[in-house]
Amino acid sequence: MPQLVVSGLTLGAVYALVALGLLLIFSAARVVNFAQGQLLMIGAYLAIAAQVRHGLPAWAAYGLTLAAMALLGVVFMLVAWRPLRGRPTHLVILTTIAMGIILENLALIVWGPLPVSLPAPLVGRPWRVAGGVITMQQMFVMGTTMLALVALSLFMTRSRFGVLMRATAQDLDMARLVGIRVDRTIAAAFAIGSGLAGLAGLLVAPLYLAEPTMGGSLGLKGFVVAVVGGFGNLPGAVVGGLGLGLIEAFAARYVSAEYRDAVAFIIMIAMLCVRPRGLFGETVGERV
Amino acid sequence: MRPWMLIGWALAACLPLLLGSGYAVQVADLALLNALAVLGLNFVTGYAGQVNFGQAGFAGIGAYVTALGALAGLPFWLALLAALVVAAGASLALGLPTLRLRSFYLAMATIGFGEIVHLVLLHWESVTGGSSGLRQIPPIGIGRFVVGTDAQAWWVLLAVLALAVLVAGRVRRSWLGRAMIATADAEIAASLTGLDTLRVKLVALMLAAVYAALSGGLYAGYVRYVSPDQFGNQQAVLLFSMLVLGGTGSIGGCLIGAAVLTVLPEALRFLHAWYMVLYGAGVVAIVLFMPDGVVGAARRLGRRLGVG
C-alpha cells in the first residue's frame, strides 16, 4: 500500500512536468502542443546519448539535454506555430500531431526500436518510510518537480518576462501594440515548455526504459492532467499530476491493470463535461 | 450530377480491369473504405467545423459489431445495420456532453474517446479476441450474393461510396448542410437566429459516426479479419490528414485525400520509417502552404488561369 503511493506519486510527478510544459506553451501561444510527449521522448534519448554513448558526467549530460531541448522548442515554434497564426484550430492541432510523428520516427531511425536505459544520477540506499521504500531516483523526480513548480510560479508572477508572457496570452495584438516583442516572448515560452518536457524525459528514463513510442501515452496523460488541473493553473497541474498518478496506481492494483490507461481518459472526459475549466480554474492568462 | 462526374464513376468502375493484379485492387479497395470514413469526417469537421479525432474509434465499433454479429450467424447486411445503430448511439453518448466544448478541449475529448474504444477492443478479450482480434469473419453479402474476389469487392464498395457521396451532396445543399456551415462560421450568430447549434453539431457527428461504422463494417467483411491496432489513434490522425490534404469541406477532396494517402504508403513501402517522417513533414507542409488542400489549390489555380 505505501509502495503504491510512492510509485503513484513518482509517475504522477512526471505527468505533472509534462502538464507544466503544456501549460507554459498554452499560456503564451494559446496552443495545445500535441507533440509534448514526443518532446519528452527526445529529451530522454538526448540524455542517454550524452551520458551513455559519449560518457559525459550526469550533470553535463543533463545540462546539454536541457539546452538542446530549449533550442528544439524554438525551432518547433518557428516551424509549427508562427506560420500558423490565424489558421483554423483543427489545422494547428494536426500540425503539432504531425510534428510528433516526425520526432517519433526520427528517433526510431536514429536510435532504433529497442528500449534503452539511462543510469540513475544519484546513487544511494533507498529510504524506508512508513513501511514503503523510496529510491533516490524517486525522491529526485518528486523533488525536481516541486522545484520546477516553485521556480515557474515565481517566474510567471514575479519576473518581468513572466508578466510579458501572460500579457501576450491575454491579447496578442494588444501586447504587440504596447511594444512587447511577441515572437520573442512566445519563442521563450516554447523553449521553456520544451525544456520541461526534456526534464521529464531525463527523469523518467532511469525509472522506465526509453523507447521511441514512449511519448504517446505520457503526452496524453499530460493533457488529462492539464484539463483536470485547469488549463493555465500551475499548482493545479502538479496537484492533478500527483492525483492522477495515485489514482492510476490504485486502479491498476484494485480495479484492473489492463484498464489503468482508460481511467485517465474517463476522468478527463468527465471533467470536460462537468467542469471544463478544471478543478482549479484557468489563471495564468486571466489577470496580469 | 454533371456529365463529367458520371464519366468519372464509369471510369472508376473499370479500374479493376486496368489494374489486373490482386494486390493493386486490394489497395484500391482499402482506398474506397478510407474514403467512406473521410466523407463522414467531412460532415462534422468540414461542414460543422468541429474537431473529431474519434473517427477511427467509430470505425472500430462498426467493424467489431459487424464482425461479432456476422460471426454469431446474423446475415451480413443485418450485422452491418446493427453496427450503424450502435455507432450512432456511441456518437450521441460522446457528443451530447462534449460538443459544447471548443477546439482544443473537443480535440482532447475525442482523442480520449478513441483511446477508450481502442483499450476496450484490446482488453475485452472474451468478446473482442484481444490483440489477436477476430478472424474468419463472414464476407460481405446480401441474400445469396456473396463478395468473392477483390474486383467484386471494388464494385460493391464503389456503389456504396457513390451512394454515400450522393447523400453527402444532398445533405450539403439541404437546410441541414447550411445550418452546419453557419455553425462553423459563426456559432453565436447562428444560435441567435434560433438555430439549435448543439443539435446541428450532434447530427453532424452522428452522420460522421455512421459513415465511419459503414467503412469499418465493410472493412471487416472485406478483409475478414479485425484487430484493435487498425482502429487506433494513428488511424484517426490518418483520416484527418486525408481530409485536410484533399480539402476540408469538399466531397471531391475527401476522395482525393483518401486515395493519395492510401496508395502512397504502399508505393513508398521501401522507405520504411522514413515514410512516416515524410508523411509528418508532408502534413506540416500542406497546412503551411495549401491549407485548403488539393481541391482548394486547384480551384485557385483555375481562377488565376481563368482571369489571366
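Keep in mind that the model is predicted. Chains A and B touch, with 35 residues of chain A and 34 residues of chain B taking part. Within chain A, helices α1(A) and α5(A) cross at roughly 35°.

**Where the chains meet**

- On chain B, four helices each supply at least two residues of the side that touches chain A: α4 (76-98), α5 (103-123), α11 (233-246) and α13 (273-289).
- The largest share of that side comes from α5(B), with 13 residues.
- Sorted by class, the side of chain B that touches chain A has 26 nonpolar residues, seven polar ones and one charged one.

**Two helices packed in chain A**

- Two packed helices are described by the angle between their axes and the distance between the axes.
- Here the pair is α1 (residues 2-29) and α5 (residues 136-158) of chain A, whose axes come within 9 Å.
- The crossing of α1(A) and α5(A) is left-handed.
- From α1(A), the residues in this contact include Val6(A), Leu9(A), Ala13(A) and Leu20(A), while those from α5(A) include Gln138(A), Val141(A), Met142(A) and Leu152(A).
- The residues of this contact divide into 12 nonpolar, three polar and no charged.

**A closer look at α12 in chain B**

- Helix α12(B) covers residues 251-267, which makes 17 residues.
- From its first C-alpha to its last, α12(B) reaches 25 Å, close to the 24 Å expected at 1.5 Å a residue.
- Among the buried residues of α12(B) are Ile251(B), Gly253(B), Cys254(B), Leu255(B) and Thr262(B).

Methods. Residues numbered from 1 in each chain as written. Chains lettered and ligands numbered in written order. Predicted model: local features only at pLDDT ≥ 70, side-chain atom pairs only at ≥ 80, totals over all residues. Contact = placed C-beta atoms within 7 Å. Nonpolar A, V, L, I, M, F, W, Y, C, P; charged D, E, K, R; others polar. Axes fitted to C-alpha atoms, helices over the stretch in contact; angles between N-to-C directions. Left-handed = near helix turned anticlockwise from the far one by under 90°. Expected span 1.5 Å × (residues − 1). Buried ≥ 20, exposed ≤ 12 C-beta atoms within 10 Å, placed from the backbone.
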